[in-house]
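Take a look at the structure below.

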Amino acid sequence: MAISNQWFGLVDSTLALVATTADDTNTAWAANTAKELTIGKVAGATATTYKVPADASGSLLYYLAICVNAGTVPTLAAQPVTTGISALSPKMGNSGTTNATTPPVTDGTIVYTFAATTGASWPFAYVVGA
Amino acid sequence: MPIYVDTAREAALGQSGSGALYPIVGANGFQFLHPAVEMQSTTSGAVFTAGRQGTANGSVLTSQTVHLTPIRLPSGMVITKIGFVSATTAAG
């Protein structure tokens, strides 16, 4: 099966989904290539940007999310991590299966969970500012 | 968006060995805050990176899963795009 859906997202420190990119549907993804997707939905509405809210510490923890719905998904550029490391805060290298086809709602009602025993990997990812 | 490969820094952090794509950072530098987080200034077009390109590529994804990687972002930053980097091909 070719790729059906591809989207990235922004998950806040409570693991609630707050923003997603547009769905890149069936666009091929070549090896060793960066894929940048533009923000498409924020707080349940169409949007092209997400603004990190104010915080006294000057910064906030987020998680960058990736979902690919395909018969053969790409392996990501990533650093493998062990189960113990992945459980430390901020937790890393974990995944969930909630609403994992098309970009889901972004109003914070979708909250991901970490499996405590999952080791997985720690993919390289980035955000681009305006 | 300026992008370069800082292989010297990669080696200095003990993460050397693989990463033609690690790290992707802006030309105006960054601040190392946490093993999971690298930050640079919030000037226009800034790029904030997280995660690692390690000595082996992780078989991270399975179809219809949502995978998360942590990043710390500055208050007030306006994000326009999110990026990940493939290690193998996915046919369209």
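This is a predicted model. The largest nonpolar core holds 44 residues, and those touching the most other members are A:Phe8, A:Leu10, A:Val11, A:Leu64, A:Ala65 and A:Val68. Both chains contribute: S1, S2, S3, S6 and strand S10 (125-129) of chain A, along with strand S6 (66-74) and strand S7 (78-85) of chain B, each supply at least two core residues. S6(A) gives the largest share, seven residues. In soluble globular proteins, nonpolar side chains tend to be buried together.

**Chain A overall**

Chain A has ten strands and one helix. Their order along the sequence is β-β-β-β-β-β-β-α-β-β-β. The chain has 130 residues, of which 43% are buried. Take the contacts in chain A between residues at least 6 apart in sequence: 63% of them join residues at least 24 apart.

**Strand S1 and its partners**

Strand S1 of chain A covers residues 5-12. Because six of its eight residues are buried, S1(A) is largely enclosed by the rest of the structure. S1(A) pairs with two strands, as listed here.

| Partner of S1(A) | Sense | Bridges | A bridge pair |
|---|---|---|---|
| S6(A), residues 59-69 | antiparallel | eight bridges | A:Phe8 with A:Ile66 |
| S2(A) | antiparallel | three bridges | A:Val11 with A:Leu17 |

S1(A) and S2(A) form a hairpin with four residues between the strands. In this hairpin, A:Leu15 takes a positive phi near 75 degrees.

**A loop residue: A:Ala31**

Now to the loop. A:Ala31 sits between strand S2 (17-21) and strand S3 (34-42) of chain A. Is A:Ala31 buried or partly exposed? A:Ala31 counts as partly exposed, because 14 C-beta neighbours lie inside 10 Å.

What does A:Ala31 contact, leaving aside neighbours within four places in sequence? The contacts are B:Ser86, B:Ala87, B:Thr88 and B:Thr89. A:Thr106 is 75 residues from A:Ala31 in sequence. In space, the two are 29 Å apart, C-alpha to C-alpha.

Notes. Residues are numbered from 1 along each chain as its sequence is written. Chains are lettered from A and ligands numbered from 1 in the order in which they are written. This is a predicted model: local features need pLDDT of at least 70, side-chain atom pairs count only at pLDDT 80 or more; totals for chains, interfaces and linings use all residues. A residue is buried if 20 or more other C-beta atoms lie within 10 Å of its own, exposed if 12 or fewer, and partly exposed in between; C-beta atoms are placed from the backbone. Two residues are in contact if their C-beta atoms, placed from the backbone, lie within 7 Å. Two strands pair if DSSP finds at least two bridges between them. A nonpolar core is a set of buried Ala, Val, Leu, Ile, Met, Phe, Trp, Tyr and Cys residues joined through C-beta atoms within 7 Å.
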